[in-house]
Amino acid sequence: MKASDWDGAFMKPLLQTLNGLSAGRKLAVAALMCGATTLAAGPLHDVLDLANIVMLFLLTVLLAAAALGRAAGVLAAFLSVLLFDVFFVPPRFSLAVQDAQYLVTFAVMLAVALITAHLAAALRREAHVAARREAQTHALYELARELAGALDGAQVDEITRRFFRQAFAIDAQLFLPDTGGALVPATPGAPAAEPILARLAFDSAMTMNDDEHAGGRYAAAWLPLKAPMGVRGVLRARPLDTEADTLHAQKTLLETAASLVAIVVERLHYVDVAQESQVETASERLRSSILSALSHDLRTPLTALVGLADSLALLEPPLPAPALETAAALRDQAVRMHGMVANLLDMARLHAGQVALRREWQPVEESLGAALNLLRPALGGRPVRVNLEPDLPLLELDAVLMERVFCNLVENAAKYSPPGAPIDVDVRRCGDEVVVAVCDRGPGFPADKSRLFSMFVRSDNAKPGVGLGLAISRAIVEAHAGTIAPEDRDGGGARVVLTLPVGTPPAVDEEPA
């Protein structure tokens with residue numbers, strides 16, 4: 001039989017049996033080992049020298065300390081000295097010694113035995129710690145390997161439950177934040193979390209302990225799932241044996257396992273984010289393609305409708321008044337629809353990156369004035385107050401696109417303002433930027449302003465339209481390296497503020513006198 005086979009078939013089961021004994025039984029076994037050594041060495045008294053018999057007792061002390069621990073080794077050391085004195089040192093069967101030099105022998109023998117017991121016990125303890133760490137590392141490796149294949153939070157919860165139950169005798173449960181930020185069970189239908197402790201652990205990123213049992217043992221612990229990019233949830237741990245101090249004894253290992261779970265939960269989170277982003281990108285691309293195709297196909301018939309309506313108004317002899325009114329209404333609606341189609345086409349081009357800016361250095365008031373002149377019929381006599389700061393710098397703009405921005409902003413302000421209420425447009429320089437603010441006295445913006453500049457998004461009190469004006473304005477302003485944002489106006493109403501960089505305009509030579 002090989003040495004490894006002997007170790008696996010005999011030694012390991014024997015050591016496991018000895019480790020499972022109580023402290024009293026370990027001492028009894030150590031005493032029996034010393035007695036067995038005495039019985040074995042008795043017949044050899046006349047054959048072996050006393051020094052060799054001392055070695056047999058020291059070997060017994062070493063085996064007792066290695067197999068049974070420090071206390072058993074110390075007991076074996078003292079018993080070995082006592083038995084050696086009584087049964088082997090003359091006069092035998094008596095504690096008296098014939099030669100005083102044997103007292104030195106006893107002292108050295110006891111010292112060597114105690115040192116041997118200490119070293120053997122320390123070695124045994126280190127071996128036990130190393131074996132336990134190896135088992136823990138293997139368990140964590142198995143946990144990481146199983147979690148690597150998890151596809152959702154429910155699978156992570158199931159794997160974590162099984163691991164904690166088998167490795168630590170702990171009942172574990174995973175809680176993850178939902179879209180509203182509330183902590184809910186990762187497995188649908190599982191018991192809900194205690195809101196206070198779970199929220200404290202999640203917000204503070206610190207382990208929270210539940211009420212303590214007698215003797216300082218925790219009833220439960222809430223471990224935050226701390227990942228590199230933040231806390232991803234909470235893990236609740238409860239010992240299956242309420243009398244065991246498992247949570248405190250295995251604190252470091254529990255936190256390590258919680259970190260592995262946190263990394264997997266964060267990975268699943270970013271996988272979901274990537275999938276949503278991919279779907280959103282594909283949807284946006286498809287929507288832009290459809291908008292572009294529809295816009296191209298609708299512009300021609302709409303232009304024909306406008307031309308036909310103008311032709312009806314110019315017929316000779318003139319049409320009756322009701323027919324002329326109908327032709328004018330038809331032309332107005334066709335023009336309005338033509339503007340919507342133009343917005344759709346512009347939005348599709350901007351999102352596709354097919355619009356090349358034709359930027360030239362020019363004053364911003366020219367684009368603003370052109371927009372106001374274009375909107376004069378639509379304003380219906382509504383006053384527009386323009387406040388221009390003197391000596392405004394030139395800006396590098398695409399005049400046509402910037403005119404579209406001002407048209408959209410002023411037209412929106414006119415839609416939502418009460419009849420006769422003025423629209424204020426303020427233009428001033430602020431550092432390295434020119435700030436343009438379009439203000440009205442309408443109902444103002446809703447509480448959630450973040451979605452106003454998205455495509456096809458309209459507020460609850462929105463006027464007729466398709467919800468593209470602000471989205472187009474933002475795309476054009478950002479193409480000019482500027483910003484645009486909605487604000488609430490003091491005293492009621494809405495305020496849209498856009499900023500444009502000043503840049504470095506070219507030098508202009510003065511004309512000679």
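Helices H2 (residues 23–41) and H4 (residues 70–87) have axes that come within 9 Å and cross at roughly 30°. That makes H2 roughly parallel to H4, a label for angles under 35 degrees, with over 145 counting as roughly antiparallel, 65 to 115 as roughly perpendicular and the rest as oblique. The axes are lines fitted to C-alpha atoms, for helices over the stretch in contact, and the angles run from 0 to 180 degrees between N-to-C directions. Helices (H or I, at least four residues) and strands (E, at least two) are DSSP runs, numbered from the N terminus.

This is a predicted model, in which local features need pLDDT of at least 70 and side-chain atom pairs count only at pLDDT 80 or more, while totals for chains, interfaces and linings use all residues. Residues are numbered from 1 along each chain as its sequence is written, and side-chain values use heavy atoms, leaving out hydrogens and water.

Back to the helix pair: H2 contributes Lys26, Leu27, Ala30, Ala31, Cys34, Gly35 and Thr38 to the contact, and H4 contributes Ala71, Ala72, Leu75, Ala76, Leu79, Ser80, Leu83 and Phe87. Contact means heavy atoms within 4.5 Å.

Two buried residues are worth a look here. Buried means under 20% relative accessible area, exposed over 50%, and partly exposed in between (1.4 Å probe, protein chains only). The contacts in the table leave aside neighbours within four places in sequence.

| Residue | Helix | Relative accessible area | Contacts |
|---|---|---|---|
| Alanine 64 | H3 (residues 50–68) | 0% | Ala30, Met33, Gly69, Ala72 and Ala76 |
| Serine 80 | H4 | 0% | Cys34, Phe57, Val61 and Met109 |

Now for the nonpolar cores, each a set of buried Ala, Val, Leu, Ile, Met, Phe, Trp, Tyr and Cys residues joined through side-chain atoms within 4.5 Å. The largest has 37 residues, of which Phe406, Leu409, Val427 and Leu498 touch the most other members. Elements that each supply at least two of its residues include helix H11 (364–374), strand E9 (423–430) and strand E12 (494–501). Helix H13 gives the largest share, nine residues.

Not counting residues up to four places away in sequence, valine 427 touches Val364, Leu368, Asn387, Leu388, Glu389, Leu392, Val434, Val435 and Val436. A second, separate core of 29 residues includes Phe168, Leu235, Val261 and Val264.
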